[in-house]
Amino acid sequence: MTLLDKINKKILAELQQDGRISNLELASRVNLSAAACLERVRKLHEAGYILGYTARLNPDLLDVALLVFIEVVLDRTTPDVFDEFRRAVHKVPEVLECHMVAGGFDYLIKVRVKDMAAYRTFLGKSLLQLKGVRETHTYAVIEEVKNSSIFPIR
């Protein structure tokens, strides 16, 4: 079996849509027996195609409605500063995503907090305290037009 054959791509697409789908239903949707489907899913896990399963939660109901993107510029761009920043940002629970980028700044961070007051506290007590941070630029989200973790499987 080629790992990313047509059936495995269908399995991945279905799991992206509903990670809680039963194996029996998944097997039916991809035209396999339940045992064959379960084995394919196991192999996709082992090969690293499936990283895990999560629930999408409502940030408004959980009191973290403010979504903010932050450009971070480090004072030096050396491997040790990058490593230290990476380790430190992993410890900050408000940070949902952190990406090293090419361009006019070093990292783009996605943060969720309660409101602007909580963001100011986060900025002063968490982000600006990280060693190596020289400056930040904040972009508060006014409206989420699209928010998805589903990507095309070709």
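This briefing covers a helix, a sheet with the helix packed on it, and the aromatic pairs of one structure. The model is predicted, so local features are reported only at pLDDT of at least 70 and side-chain atom pairs only at pLDDT 80 or more, while totals for chains, interfaces and linings use all residues. Residues are numbered from 1 along each chain as its sequence is written, and side-chain values use heavy atoms, with hydrogens and water left out. Helices (H or I, at least four residues) and strands (E, at least two) are DSSP runs, numbered from the N terminus.

**Helix α3**

- The 13 residues of α3 (residues 34-46) should span 18 Å at 1.5 Å a residue, and the end C-alpha atoms are 18 Å apart, in agreement; the expected span is 1.5 Å times one less than the number of residues.
- Cys37, Arg40, Val41 and Leu44 of α3 are buried, where buried means under 20% relative accessible area, exposed over 50%, and partly exposed in between (1.4 Å probe, protein chains only).
- Seen down the axis of α3, these buried residues fall within an arc of 100° and so line one face of the helix, the arc being that of the directions from the helix axis to the C-beta atoms.
- On the other side of α3, Ala35, Leu38 and Glu46 are exposed, whereas the buried residues pack against α1 (6-17) and α2 (23-29), with contact meaning heavy atoms within 4.5 Å.

- An open sheet is formed by 4 strands in the order β2-β3-β1-β4, with antiparallel pairing; two strands pair if DSSP finds at least two bridges between them.
- β2 (95-100) and β4 (133-140) stand at the edges with a single partner strand each, so one side of each has no neighbour in the sheet.
- β2 is joined by 5 bridges to the antiparallel strand β3 (residues 107-113), and Leu108 in β3 is the bridge partner of His99.
- Helix α5 packs on the sheet, touching β1 (66-74), β2, β3 and β4, and its direction makes about 25° with that of β1; axes are lines fitted to C-alpha atoms, for helices over the stretch in contact, and angles run from 0 to 180 degrees between N-to-C directions.
- Arg120 lies in α5 (residues 116-127) and counts as exposed at 56% relative accessibility.

**Aromatic pairs**

- The whole structure holds 3 aromatic pairs, counted when ring centres of Phe, Tyr and Trp (its six-membered ring) lie within 6.5 Å; planes under 30 degrees apart count as stacked, over 60 as edge-to-face and the rest as tilted.
- Tyr119 and Phe122 form a tilted pair, 6.0 Å centre to centre with 35° between the planes.
- Tyr119 is buried, with a relative accessible area of 3%, and Phe122 also counts as buried at 3%.
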